[in-house]
Amino acid sequence: MSLKPSFTAANIQAWLVSNLAELISLEAEDIDIQENLENYGLDSAQAMILVSKLEKLLGFQPSPLLLWHYPNIASLSQRLAEEFQEKSDVQDSGVERQTNIVTANIAPPILDLKAEAVLDPTIRPDALPQVFVESPKNIFLTGGTGFLGAFLIKELLQQTNADIYCLVRAADIQEGKNKLVKNLQSYAIWDEQFNSRIVPIVGDLSQPLLGIGAEQFQILATNIDTIYHSGALLNYVFPYSALKAANVLGTQEVLRLASQIKLKPVHYVSSVAIFESPVYAGKLVKEQDDFNHWEGIFLGYSQTKWVAEKLVKIARDRGLPVTIHRPPLISGDSETGICNTHDFINLMVKGCLQMGYFPDVEYMMDMSPVDYVSKAIVYLSMQKESLGKAFNLQHPQPAPLSTLIKWVKSFGYPVEAIPYEQWQAELINNVSSVDNPLYTLRPFLLERWSDEQLTIPDLYLQAKRPHISCQDTLHALAGSSIVCPPITSELFMTYTAYLIQTGFLSVA
Ligand SMILES: NC(=O)c1ccc[n+]([C@@H]2O[C@H](COP(=O)([O-])OP(=O)(O)OC[C@H]3O[C@@H](n4cnc5c(N)ncnc54)[C@H](OP(=O)(O)O)[C@@H]3O)[C@@H](O)[C@H]2O)c1
């Protein structure tokens with residue numbers, strides 16, 4: 001790959017401002033070069049799009065890890081200009097260089113997650129009388145503009161008579177309401193008859209007191225009966241430090257709200273990612289097991305989920321009624337196939353179909369449909385016996401990737417499973433345009449991230465994963481009609497049909 005003419009920090013900066021603005025549909029004047037990139041709501045795929053476009057611009061592939069260390073445009077463009085200069089100097093001196101596509105020269109910072117798991121000592125639920133809320137009148141929910149949050153709203157509207165107060169990032173109440181309605185519409189679950197029961201609360205998880213001001217915080221603390229905390233920043237590229245405010249400190253503020261004036265049970269959406277430490281590889285982990293190992297959890301996102309669940313457990317030990325719900329990857333609605341098309345798995349599947357190859361790896365499709373996850377959370381949260389417990393919403397019978405590939409072939413897509421190294425080579429040599437989503441994911445997929453120089457796909461191979469039991473969860477759901485839809489070719493057909501209908505996938 002050859003280097004392009006000449007780039008300074010100033011022109012890289014201008015390029016980043018205009019491309020970021022375009023990516024997130026803002027005007028260039030709205031971009032602040034000192035603002036952290038994650039505050040623009042940049043998701044992992046968008047971050048990768050920026051990295052890929054930068055590669056085209058500069059003529060070398062910047063490490064995605066740069067975003068870990070230089071998280072705003074000012075510092076990032078400075079560093080990129082230096083890197084450009086270093087590479088130009090090497091090229092001028094005629095010294096042969098390898099492309100750095102699989103070379104991470106920036107080590108992620110070492111974090112002691114245990115030391116991060118400290119709950120503000122002023123959060124003291126034990127000073128208040130215990131409660132079990134059978135029929136809540138007022139529910140507080142975070143994450144209502146997200147994928148799972150939308151389905152939680154739907155379920156809560158149907159299973160309770162409560163009004164749902166939704167924390168939403170917006171300029172004002174009207175914009176907040178529009179955002180919530182638009183999100184529900186996008187998943188085809190908007191129902192006008194429930195309009196008045198959805199109440200926006202403008203705020204931000206990453207701010208003290210959820211960014212809603214002391215007075216409104218007190219009003220909510222007085223009137224809310226129960227809390228569902230589903231909001232979080234899901235970004236697989238940003239480091240712990242960039243996600244901590246929303247995911248960890250935001251959870252602390254939710255626990256503070258729950259522990260003021262009167263106790264409010266907190267139903268917290270965690271993730272099976274809390275078991276990502278290699279210490280659990282190959283081991284059976286059950287719902288109520290302690291999860292003290294954090295060493296080797298690599299993604300910043302997973303690190304924040306580990307710490308946040310620890311905070312919830314500390315609050316529980318101080319007397320707060322809580323339930324903890326750990327979904328695996330959440331797939332689309334099993335009835336309609338509607339899903340979050342921007343999620344990592346959909347982008348991967350689309351990219352592999354376009355490429356014609358899947359990697360032949362031992363990987364389990366560790367995913368549960370969103371209708372199952374939302375119904376299970378709401379049902380379990382309403383059972384008195386659930387209080388204090390954790391639930392693994394793991395699919396009881398996950399399917400191997402090889403089975404998915406078979407189904408995809410049977411739908412008429414011409415795909416083949418090839419050895420992983422060969423697949424990586426295909427990705428490097430033959431995926432050369434942003435038309436294939438794998439192109440933008442390339443840095444993420446090919447970079448060697450861990451101490452052992454493993455790529456992200458390596459880190460999620462079956463041999464590196466624990467066996468996550470969901471027996472207690474299935475037992476707790478036994479009295480309901482809620483069953484996790486089996487992963488079958490019919491389910492995949494439903495998903496594929498939706499993806500074709502929306503134009504995300506082309507017909508085989
Ligand atoms: N999706 C999965 O496969 C999966 C798997 C396991 C666990 N989970 C967990 O499930 C929960 C929901 O995930 P999801 O798939 O629904 O994610 P999502 O679609 O990305 O939605 C995230 C939600 O959190 C909100 N949020 C993010 N930062 C915020 C902030 N600073 N202040 C206020 N709200 C903020 C977002 O609001 P904006 O609209 O303003 O961005 C959005 O409503 C998360 O806790 C996640 O960790 C998800």
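The side chains of D120 and R256 meet in a salt bridge, 3.0 Å from N to O, where the term denotes a side-chain nitrogen of Lys or Arg within 4 Å of a carboxyl oxygen of Asp or Glu. D120 lies in the loop between α5 (113-116) and β1 (138-142), and R256 belongs to helix α9 (residues 240-258), so the pair ties together parts that are 136 residues apart in sequence. Helices (H or I, at least four residues) and strands (E, at least two) are DSSP runs numbered from the N terminus. In the whole structure, a search finds 11 salt bridges.

The model is predicted: local features need pLDDT of at least 70, side-chain atom pairs count only at pLDDT 80 or more, and totals for chains, interfaces and linings use all residues. Residues are numbered from 1 along each chain as its sequence is written, and side-chain values use heavy atoms, with hydrogens and water left out.

**Domains and their interface**

- The chain is assigned domain 1 (9-92) and domain 2 (121-399 + 467-501), with bounds from an automatic or database domain assignment.
- The centres of the two domains, taken over C-alpha atoms, are 31 Å apart.
- Contact (heavy atoms within 4.5 Å) links 11 residues of domain 1 with 10 residues of domain 2.
- Domain 1 and domain 2 bury about 1,000 Å² between them, 68% of it on carbon and sulfur atoms; buried area is the accessible area (1.4 Å probe) that two parts lose on being put together, summed over both.
- Zero salt bridges are found across this interface.
- On the side of domain 1 that touches domain 2, α2 (44-58) and α3 (66-69) are the elements giving two or more residues, and α2 provides the largest share, four residues.
- The residues on that side divide into eight nonpolar (Ala, Val, Leu, Ile, Met, Phe, Trp, Tyr, Cys and Pro), one polar (the others, Gly among them) and two charged (Asp, Glu, Lys and Arg).

**Ligand surroundings**

- The ligand is surrounded by 27 residues, the closest being T145, K179, D204, L205 and Y301; the criterion is a heavy atom within 4 Å.
- A polar side-chain atom of R169 lies 2.8 Å from an oxygen atom of the ligand.
- A polar backbone atom of L205 is 2.8 Å from a nitrogen atom of the ligand.
- A polar backbone atom of A232 is 3.1 Å from an oxygen atom of the ligand.

Key. Polar contact = N/O pair within 3.5 Å; in protein donor to acceptor, adjacent residues only side chain to side chain.
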